[in-house]
Amino acid sequence: MTGFVLSYGDNRIPYQVTYADGRKSRVAIHVNPDGSVTVDAPNGFSEDTIKRAVQRRARWVINHVNEAQERYAHVRPKEYVSGEQVLYLGRRYVLKVIPVDGKPLPVRLRGNRLEVETANRTEDDIKGRIRAWYRVKGRDYFARRIDALTVKLPWLEVSPPFRLLEMTRQWGSCSPAGEVILNPHLIKAPRQCIDYVLVHELAHLKHHDHGADFWTLINAHADNWEKTKHDLDGLVEVLLGE
């Protein structure tokens, strides 16, 4: 990746450029849910060509960056106390912190509550237990959905390997070696949002860039994906907030 800065009025917006083999004639500008900006450019495009393309859409970039930053500004940090809400598969649960003297039992869902036992009663301990629970739930759920989607997606013969990695800008990625990487915070999202991210990353096993062929594949196999992506982007500050 190569870093540049977009200047527009008093605004200075950094952005990262990735050169993609499959792109041929245009750059693609992405304002991520956290307000960061990335650009996909065809191989061989000069820095000046890329800068001019981004500059032409400067107002659009600034407006979307400001919207993303405003969403984050209203997020209250979690305190990890009883009564707070936690998310799992798009549903809200009430956190119940249970102090114990002995060894804590594993985190568990019970009705509309997420029960977390803690022996030392610290925020870090409670937070760590919840995060570990999310990782276990995410690993198992993502594995089941990848297996189910593999049966439906014609370019896949076997379920690809995947692993979890906490990321601040992405829900997922696909390595050149064909490994799918998923953000464990995604397990908080509604099921249809999770499926969209999975189809998106699995599509990169056939098309490694975001060119026209890639989006044709998404249109064919991810129903109503634009609304789903919009919904997911609108939840990002809540889903990533800790």
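Two strands count as paired if DSSP finds at least two bridges between them, a handy rule to keep in mind for these views of a predicted model.

**View 1. Strands β10 and β11 pair side by side in the antiparallel sense.** Three bridges join β10 to β11, which covers residues 180-182. At one of them, glycine 172 has leucine 182 of β11 as its bridge partner.

**View 2. Here is the open sheet, built from three strands.** Their order is β9-β11-β10, and the pairing is mixed. Strands β9 (162-164) and β10 stand at the edges with a single partner strand each, so one side of each has no neighbour in the sheet. On average, neighbouring strands are turned by 20 degrees against each other, direction ignored. Helix α3 packs on this sheet, where it touches β9 and β11. The direction of α3 makes about 155 degrees with that of β9.

**View 3. Take a walk along helix α3, residues 123-152.** This helix of 30 residues reaches 43 Å from its first C-alpha to its last, close to the 44 Å expected at 1.5 Å a residue. Its buried residues include Ile126, Ile130, Trp133, Tyr134, Tyr141 and Phe142. Among the others are Asp125, Gly138 and Thr150. When you look for them, remember that an α-helix has 3.6 residues a turn, so residues three or four places apart point the same way.

View 4. Is serine 173 buried or exposed? Serine 173 is buried because its relative accessible area is 18%, and the cut-off for buried is under 20%. Leaving aside residues up to four places away in sequence, serine 173 touches Glu179, Val180, Ile181 and Glu201.

How values were computed:
Residues are numbered from 1 along each chain as its sequence is written. This is a predicted model: local features need pLDDT of at least 70, side-chain atom pairs count only at pLDDT 80 or more; totals for chains, interfaces and linings use all residues. Side-chain values use heavy atoms; hydrogens and water are left out. Helices (H or I, at least four residues) and strands (E, at least two) are DSSP runs, numbered from the N terminus. The expected span of a helix is 1.5 Å times one less than its number of residues. Buried means under 20% relative accessible area, exposed over 50%, partly exposed in between (1.4 Å probe, protein chains only). Contact means heavy atoms within 4.5 Å. Axes are lines fitted to C-alpha atoms, for helices over the stretch in contact, and angles run from 0 to 180 degrees between N-to-C directions.
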